[in-house]
Protein chains: 2
Amino acid sequence: MTTREAIRDAALRCFAARGYEATTMADIGAAVGIRGPSLYKHVASKQELLAELMVRTMNGLITRHREALAGTADPVERLRRAVDAHVRFHARHRVEAFVGASEMRSLVDPHRTTVLGMRAEYEKLFRGLVEDGVAAGRFDVGSVRLASYAILDLGMGLATWYREEGELSENEVVWQQVDFALRLVGAE
Amino acid sequence: MTTREAIRDAALRCFAARGYEATTMADIGAAVGIRGPSLYKHVASKQELLAELMVRTMNGLITRHREALAGTADPVERLRRAVDAHVRFHARHRVEAFVGASEMRSLVDPHRTTVLGMRAEYEKLFRGLVEDGVAAGRFDVGSVRLASYAILDLGMGLATWYREEGELSENEVVWQQVDFALRLVGAE
DNA sequence: TGAGTCGGCTAATACTCGCTAGCCATCGGA
DNA sequence: TCCGATGGCTAGCGAGTATTAGCCGACTCA
């Protein structure tokens, strides 16, 4: 692991634990064993660290989504796979997801606009999946928008309460949430 | 409205918009038309403001929950009413809910322990409702814990995306989410 | 009228933080 | 062996922060 990667990881943990504003460059430095000012040999600024973390997280999420859907046409199966990827990503990257959700406020332009755009795009992808299912007569929902928000919220909630060491395995949580999502849209 | 109430409201709006750490006492003062130091004639500290906001929010949530359940024995109807109260509270107090969810990190003891306890209590109430429904054979869920987290997350998500001026009325959103929750636990 | 309280103000205290400057040890390659 | 790059370090700048001290006008009430 390069020093730069170690710094990114340390920043992620600090931002998650204390928040972006409350985290000092000295904190991040201490987490990788160097002094605060030495960080500037590797990164341009604290803000750049946050931006990189958030863009990476959204990229990862969207990439997993695309991979999960590749080559599947059935609306129910597509939603199943999308929710699986969504929930699994939030289970495996809960710290990233937590920072992504809670530190939007601290992200300033131009990266702010970029990340907001990526989030909007991701939401639209889910809305499309629900719409397709409704159009095919496989789902039954009152509001497509509310249903897709609900599904997204299900997964994002993991960032708060999921723990790897918990009593439920990753697969148990993922499959259970996939089931919730399919029930929610009244699949079949 | 007393000055103290105006200050609490202003602090709430500032914390929601900029976050606790990024909000200065001067910001809060400006929002009520006085200077930062003058706030200390009405409140003890910035931390006390945050604590009061968070405790009030949790108190409100738990109170609405109790009121909603009073005098109802049927498990399905109890969950329906609890989710209605939960979602309605998050719709009507989305700013409070947003701060409550995102500023836990900035809350320090002793208030931190108090609020965490209240949250745990609230979660337990929902877990109990789901358990009762399962015990009565009215619900069908793989994991009581996951189902109650899912229901709670549904409502908390509103804090992020709900807007009073949106195309959907409060009742439409609430009823839709109640329906989602009941589907989720496989009611009937 | 005069004492006391209320609630504003400015000035100042005692930090803290992001970031820059500039120094120096180490080390790979010519 | 020397040279330049790399990546640490300390010192310090400039800006900003919560909070306190202490002043003063306005209002209440005896």
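A crossing of two helices is right-handed if the near helix is turned clockwise from the far one by less than a right angle. This description applies to one of the views below, all of which are taken from a predicted model.

**Figure 1. Helices 1 and 2 of chain A pack in a right-handed crossing.** In the predicted model, helix 1 of chain A spans residues 3–18 and helix 2 of chain A spans residues 25–32. Their axes come within 9 Å and cross at roughly 125 degrees. On the side of helix 1 of chain A, the contact is formed by Ala6(A), Ile7(A), Ala10(A), Ala11(A), Arg13(A) and Cys14(A). Helix 2 of chain A contributes Asp27(A), Ile28(A), Ala31(A) and Val32(A). Eight of the residues in this contact are nonpolar and two are charged, with no polar residue among them.

**Figure 2. The fold of chain A is built from eight helices and zero strands.** Read from the N terminus, the order of elements is α-α-α-α-α-α-α-α. Along the principal axes, the C-alpha atoms of chain A fill a box of roughly 60 × 40 × 30 Å. Of the 188 residues in chain A, 39% are buried. Among contacts in chain A with a separation of 6 or more, 71% join residues 24 or more positions apart.

**Figure 3. Chain A meets chain B through 24 residues of chain A and 25 residues of chain B.** Two elements of chain A give two or more residues each to this side, namely helix 7 (144–161) and helix 8 (170–184). Helix 7 of chain A supplies the largest share, seven residues.

**Figure 4. Chains A and B are superposed by a rotation of 180 degrees.** Two copies of a chain are related by a rotation about an axis and a shift along it. Here the shift along the axis is 0.0 Å, and chain A superposes on chain B with an RMSD of 0.0 Å. This is the relation of a two-fold axis. The copies meet through the same surface, because 100% of the interface residues of chain A are also interface residues in chain B.

How values were computed:
Residues are numbered from 1 along each chain as its sequence is written. Chains are lettered from A and ligands numbered from 1 in the order in which they are written. This is a predicted model: local features need pLDDT of at least 70, side-chain atom pairs count only at pLDDT 80 or more; totals for chains, interfaces and linings use all residues. Copies are superposed by least squares on the C-alpha atoms of residues with pLDDT of at least 70 in both. Two residues are in contact if their C-beta atoms, placed from the backbone, lie within 7 Å. Helices (H or I, at least four residues) and strands (E, at least two) are DSSP runs, numbered from the N terminus. A residue is buried if 20 or more other C-beta atoms lie within 10 Å of its own, exposed if 12 or fewer, and partly exposed in between; C-beta atoms are placed from the backbone. Axes are lines fitted to C-alpha atoms, for helices over the stretch in contact, and angles run from 0 to 180 degrees between N-to-C directions. Ala, Val, Leu, Ile, Met, Phe, Trp, Tyr, Cys and Pro count as nonpolar, Asp, Glu, Lys and Arg as charged, and the others, Gly among them, as polar.
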